[in-house]
Amino acid sequence: MRLGLNLGYLVGSDDPHGQLRLTQHAEALGFSVVWAAEAYGSDSPTTLAWLAAQTSTIHVGSAIMQIPARTPAMTAMTAASLDVLTGGRFRLGVGVSGPQVSEGWHGVRFDKPLSRTREYLAIVTAALSGSTVTFDGEHYQIPLPDGAGKPLKLTITPISRHISTYLAAIGPQNLELAGELADGWLAIFYAPHLASEQLERVRSGRARVG
């Protein structure tokens, strides 16, 4: 069994050095990964970069980077950068957040979260693979069909051949999507008495891809 430390996010006057001390202690104990979150305060990539710079073996993961907060191309850029800067210790966790943060903070409609997540991860995966990115979907068009831009690809190469991707999921269909598209499930609001049912949903999604 591998252990992880969930820091959550910095709130109000929290001392960030307290999170650093926890992370360094977890690393000394052999923990596998430390996770940092974001809502409408501290952002996870900045926190993770700061922690990674002062550790050497523990992995750092975003739990989560909010889908409505960033374009998929920006998420790929951030993931690739953190992977290089941490020596391959970065794990990418994403999620749609909720209506309050999506619409009340980012000004992005919280509609069709499943199809939006599917398109988002497809673009992130394509970008991290080093491909020239083109995409024509319901939610994302890259490049814009009526714009002046041309297709591009990342100019930075991740150290990892594959950056592990995790999806925060709660509902039955989103759990299946996590199994289908991601390497792991970030089980926010995890309920032990529902664990078997939840895991079965994730497994059913994984079965779609063999």
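Ala, Val, Leu, Ile, Met, Phe, Trp, Tyr, Cys and Pro are counted here as nonpolar, Asp, Glu, Lys and Arg as charged, and the others, Gly among them, as polar. In the second largest pocket of this structure, the lining divides into 14 nonpolar, five polar and two charged residues.

The model is predicted, and local features need pLDDT of at least 70, side-chain atom pairs count only at pLDDT 80 or more, and totals for chains, interfaces and linings use all residues. Residues are numbered from 1 along each chain as its sequence is written, and side-chain values use heavy atoms, with hydrogens and water left out.

## Pockets and cavity

Rolling a probe the size of a water molecule over the atoms shows where empty space is left. On a 1 Å grid over the protein atoms alone, a cavity is a set of points where a 1.4 Å probe fits but cannot get out, while a pocket is an open set with protein on both sides within 12 Å along at least five of seven lines; lining residues have an atom within 4 Å of a point. Grid points are joined across faces, edges and corners, and a volume is the space filled by probe spheres set on the points.

| Space | Volume | Lining by class |
|---|---|---|
| Largest pocket | about 790 Å³ | 21 nonpolar, 10 polar, one charged |
| Second largest pocket | about 360 Å³ | 14 nonpolar, five polar, two charged |
| Largest cavity | about 50 Å³ | five nonpolar, one polar, three charged |

The largest pocket has a volume of about 790 Å³. Of its 32 lining residues, Ala63, Ile64, Ala168, Leu186 and Ile188 are the closest to its centre. Two or more lining residues come from each of strand E1 (4–6), helix H5 (113–128), strand E8 (165–168) and E9. These elements are DSSP runs numbered from the N terminus: helices (H or I) have at least four residues and strands (E) at least two.

The second largest pocket is lined by 21 residues, and Ala73, Met77, Val133, Ile142 and Leu152 lie nearest its centre. H3, H5 and strand E7 (141–142) each give two or more residues to this lining. The largest share, five residues, comes from H3.

There is one cavity of 30 Å³ or more. Its lining consists of Pro68, Val96, Ser102, Val108, Arg109, Phe110, Asp111, Pro113 and Arg116.

## Helix H2

Buried means under 20% relative accessible area, exposed over 50% and partly exposed in between (1.4 Å probe, protein chains only). In helix H2 (residues 44–52), the buried residues are Ser44, Pro45, Thr47, Leu48, Leu51 and Ala52. They cover an arc of only 160 degrees around the axis, so they are on the same side of H2. The arc is that of the directions from the helix axis to the C-beta atoms. Among the elements that cover these buried residues are helix H1 (16–28), strand E2 (33–36) and helix H3 (72–85).

Because Trp35 lies in strand E2 and Tyr166 in strand E8, the pair ties together parts that are 131 residues apart in sequence. Trp35 is buried, with a relative accessible area of 11%, and Tyr166 is buried at 15%.

## An exposed proline

Pro192 is found in the loop between strand E9 (184–186) and helix H7 (195–207). With 65% relative accessibility, Pro192 counts as exposed.

Key
Contact = heavy atoms within 4.5 Å.
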